[in-house]
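Me: I am new to this structure and would like to be guided through it by questions. Please show it before the discussion begins.

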Amino acid sequence: MAVPMASQRQVSRGVGGFLLAIALGATAAADEAAVLEQLEQSRAKYTTAEAWAARRRQLQTEFLKGAGLWPLPPRPPVAAIVHSRRQYGDYSVENVALETFPGFYCTGNLYRPAGRKNLSPIVLCPHGHFKPLGRYREDQQIRSAHFARMGATVFSYSMVGWQDSRQTTHDDPRVLALQTWNSLRVLDFLAGLPRVDAERIGVTGASGGGTQTLYLALIDDRVQVSAPVVIIYPWAAPDGCRCEGGLPVMQEARTNAIELAAAVSPRPQLLISAGKDDPTHNFPAVGLPFVQHMYGLAGAAAGLRSVHLADEAHDYGPMKRKHVYEFFARHLPIEPDGFLAPQKSKAAGLLVEDLTKIRIETPEQLEVFSSAHPIPPNALSGSEAVGEAFEKHLEQLRQTSARRAGTIRVDQAPPARYAPKDAGDEDEALLFTPAGFEKAGVPKVASGADAGLLEIVVRNGAGGRPTHCRVNVVGPDGDYYEPARGPLKQYGLTGLWPQAGWGNRRGKGPIRYLGRFFYCNGTDTVAVPAGVVRVEAWKGLEYRPASMTTLVSAGGTQRVEIVLERTASMVEHQYWSGDPHLHLERRDEQDDERILALLAAEDIRFGVTLAYNEPAGPYAAFLEAMDSPQLRGLGKRSIAQRDGCTVLSGQEYRSSQYGHLNLYLLDDLVAPGQSYNADEWPPFGDVAARARRAGGVAIHAHGGYAREIYADVVHGAIDGVELLQFGVYREIGLEDWYHMLSAGFRVPATGASDYPACRKLGDCMTYVWSEEAPGMESWLRGMARGRSFFTSGPLVLLEVDGKRPGSQINKSGAGPHAVTARVRVRCEVAPVTHVQLVANGRVLRAMEVPRSVGQGQWLEMDATIDLEKSAWIAARAYSLSSQGTPDAESHTNPIYVYVNGRPPYEQSSLDRLVAAIEEQIAVHKKRRFAEQPRVVAYFQEARDTLMKIRAAGGMATGEGP
């Protein structure tokens, strides 16, 4: 902290006996008059929210230039050394060194909560110039440990040249750049940890730690809440410690610490000042009015708080900590109940700091590098070596970024197109013609003297036990043979839906070899014609299909064993499979046993069986009157589980005019006990609103049938759309889904089979990302948040700046803003031939893969994207059959990048939604029923909303669906 020399001795007495050391000796007194003049000029010049936003962007840029960090390059993952974990009741401590650039280490201590149930927010705790102990000080340890007890993941780290971070001295000419870079890399490291919420990040420190807090909050929008303590005062001179004012971070822009604090707006910020011999003694009168005014101009007055402690000194004492705890608990937020150890499952309000529950450790316990843990041999030493390596590293990152970012601009990419070819007779033959034969096989049951018996055992490679699976038995005649009986026999792919059999709906995808299969529990006996017989075993999308050929003699018995290996485990990537649209009746416990066996055979961890009104339109809300009746109840009370599979019952609410609506997590049918015409009133927006108020989830089925869904999206009335089904993107298709996203609306999409009105159970699925093994409710809510990809085969992992689908990345400033996308694709059941990275409906990068290498291995594609404005970014992987019809298909939900807080916006996309709603208005104006005016008004209101967005040039900052 740049403290005036006149007050230096007095301040040092106020920090509990620890000396406040000021690097480089004497510092010049702050020019208060000059600062006040700067503030007055700024207030007079920046009089609108837009003008102040432009000034904030300028201040961010000028700081980075002054610190020598402009342009700030994209950063690779940070390497960490972590050791010596200690557990103290409801929190733990670890010693950590982050290699922030090759050979240079930032040292600190990681505090984590124990017994947490939800994702943990992140808190960074830099320390100030408090000698002799720095981050080893008691108040630093107390703050870090208590935040962890509250439920945060906390990193307390050393300034350059302090404690065990002594590769160069604290008066290094580049110390400001080094420390700011370290803070950025600390944030990168913490945001990538498991069990954290990277969208809830706070930073706080006092004195020089308050300066680091201010600077990090200024330049990195990932910081959502900040609290610089005893540091904001009329300070603009380049005097004092080099890590604060030693470089021209304020001169070019003619700014000061007070204006920089205001530039943290609109994000919540707590400013704490002290009156006892402290340079912040007059902040309430001198600096606070300006900061308050600018926060108000940014529309964020409620997010600013100032606390002045007139009788306290220059430290981070108990009263200051109490105010920070309260502010962070409110604005991050931190919720104690979800994080306390199991024995403290409930807490009333804010957790009070209890020093009896916090262990004060010795410096020897806290230090990262010691004789037991020596610093790595590549560690740099000395200012010259550190500076040279740092500049080289920055230049390499910038060159790499320039090479990669220069190849992709969203506005220069071609539009995505999707026009699937309809399946025909040749596709039917492809589905059922086994390898080595020229005609489609038919299902049979063998008998007679010329038959033999085939004993089949299919084991799971993970444990060697027989496993539920799907089996084709191909006889020497090219036909398919099935058991004469069995508990799952009726579900075999033997007929043609809907006339007979389960599944096999003609004309639907995915178009690839399926064969006439049967389901089994891992062991079965099949009578087959004598001769060469092939057994093919399948299990969902993560297991590699396996087959075995054997010779069966007439009247003999032949045993075959096949091992299925899970070669693409998605749980390892924290994705969990599900099919949320099944029509299997649940009348009794035996039905549940069969359903769970079917889910296990297709490796579907979460399945939802739906009752529905048939025909669509007439509606009688009685379970017994429904098709696919769910007589074991609905919602959470209907959950049944076995061997890692879970089933829940829900409802498909059907109208021939508005579409079909899948309703989850409701304890009863819509309008229980009532009968009416669902083609008239209410519209789906009303039904979905009722369902959501009751804690349910409402998803438009079958691509919304391209009907009411457009209005419901604008009204924000639904939780998503079932898009991938029958191997294709249904009704609204990819292009209208893209238009919804590009108009600024978040519309999570899902994949589901609609079994048995499809090819087979689980032919389209949704994979939901969850940090922990989810239950049925959390899986469905994750699906409704778009934390997923949906697929008929390819497994697609997308990350943008380390974020997964459904996440939001915030950027500020004029741009361009570089983000790094990574796509990984693997498919076990079919070759992937095309991988696309898509943003705002445009294909940014495409990769074509030969069929010979597109199956059974990971395909990877990286790209750095330059964004001038807000965007959504997603990934798609697919392949076509030999007839050009849809085979394997997969798409992620988007990751959203908001620039200056605004949702993505393309006027052409909004115009498409307007046209679609106008088509629906015309349809309903022609109808005659009592509630017709109200229905037309519902659609008209959605159109009016779109026209307002159009007139404004997109949704405003903070506005959104």
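Me: What radius of gyration does the protein have, against that of a compact globule?
Reply: The model discussed here is predicted. For 961 residues, a compact globule would have a radius of gyration near 30 Å. The value for the protein agrees with this, at 32 Å.

Me: What percentage of the residues is buried?
Reply: A residue counts as buried when its relative accessible area is under 20%. Across the 961 residues of the protein, the buried share is 60%.

Me: Why is helix α17 described as largely enclosed by the rest of the structure?
Reply: Helix α17 covers residues 733-742. Among its buried residues are L734, W737, Y738 and L741.

Me: Which residue just after α17 takes a positive phi?
Reply: The residue in question comes just after the helix, and its phi is about 105 degrees. This residue is G744.

Me: Which residue in β37 is the bridge partner of A821?
Reply: Strand β34 spans residues 817-826, and its antiparallel pairing with β37 runs over 9 bridges. The partner of A821 in β37 is A863.

Methods:
Residues numbered from 1 in each chain as written. Predicted model: local features only at pLDDT ≥ 70, side-chain atom pairs only at ≥ 80, totals over all residues. Heavy atoms only, no water. Pairing = 2+ DSSP bridges. Helix = DSSP H or I, 4+ residues; strand = E, 2+ residues; numbered from the N terminus. Buried < 20%, exposed > 50% of the residue type's maximum accessible area, 1.4 Å probe, protein only. Rg over C-alpha atoms; globule rule 2.2 N^0.38 Å.
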